[in-house]
Amino acid sequence: MWQIHKMPGLPEMLEGVIDLRGQINYIFNLGVKMKLTKTTISEDSKFIMVNVHDSIMGCIVDEVTDIVIVSDEQIQEQPSFIADTSGNYVDGVAKFDDRLIIILKPEYLFSVEDVPKEVLK
């Protein structure tokens, strides 16, 4: 478990920073961003790292069970009436075996306006 270092003045969705392989990376709480329950940070917390706007950012997730590859044919786009309410960061839903997987668009989830300029290179 990496220690998240809190920083004053950051928006609530930003938990702080970690040192990952010598690089400082900002860690986001997607539960806050997506108006869900705030993910509680513990010793068992997991991060996924994403490259958005030419910057590496981390997201706290509840769990990581698999890494899967889905084809475009397996992804059903969301209807426009849902797209208008989801902040445009949901790309669609994929059916994989007996599971439904929500596909997010990180470039919309972390819009330049939402991310403090210190995070962006």
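Reader: Which side chain does the side chain of E15 make a polar contact with?

Author: In this predicted model, look for a pair of N or O atoms within 3.5 Å. Here the side chain of E15 meets the side chain of K6 in a polar contact of 2.8 Å.

Reader: Is E15 buried or exposed?

Author: Buried means under 20% relative accessible area. E15 has 4% relative accessibility, so E15 counts as buried. Leaving aside residues up to four places away in sequence, E15 touches several residues, among them I4, I27, I41 and I60.

Reader: Where in the fold is E15 found?

Author: E15 belongs to strand 1. Now follow the order of the strands across the sheet: 4 strands form an open sheet, 1-2-4-3, with mixed pairing. Strand 1 (14-20) and strand 3 (46-52) are the edge strands, each pairing on one side only. Neighbouring strands in this sheet are turned by 35° against each other on average, direction ignored.

Reader: In which sense do strand 2 and strand 4 pair?

Author: Strand 2 (residues 23-29) and strand 4 (residues 55-61) run parallel, paired over 4 bridges.

Reader: What about the open sheet of 3 strands?

Author: Its order is 5-6-7, and the pairing is antiparallel. Strand 5 (75-77) and strand 7 (99-104) each have a single partner strand, so one side of each has no neighbour in the sheet.

Reader: How many bridges join strand 5 and strand 6?

Author: Strand 5 and strand 6 (residues 90-96) pair over 3 bridges in the antiparallel sense. For Q76, the bridge partner in strand 6 is V93.

Methods: Residues are numbered from 1 along each chain as its sequence is written. This is a predicted model: local features need pLDDT of at least 70, side-chain atom pairs count only at pLDDT 80 or more; totals for chains, interfaces and linings use all residues. Side-chain values use heavy atoms; hydrogens and water are left out. Two strands pair if DSSP finds at least two bridges between them. Helices (H or I, at least four residues) and strands (E, at least two) are DSSP runs, numbered from the N terminus. Axes are lines fitted to C-alpha atoms, for helices over the stretch in contact, and angles run from 0 to 180 degrees between N-to-C directions. Buried means under 20% relative accessible area, exposed over 50%, partly exposed in between (1.4 Å probe, protein chains only). A polar contact is a pair of N or O atoms within 3.5 Å; within protein, one must be able to donate a hydrogen and the other to accept it, and residues adjacent in sequence count only if both atoms are side-chain atoms. Contact means heavy atoms within 4.5 Å.
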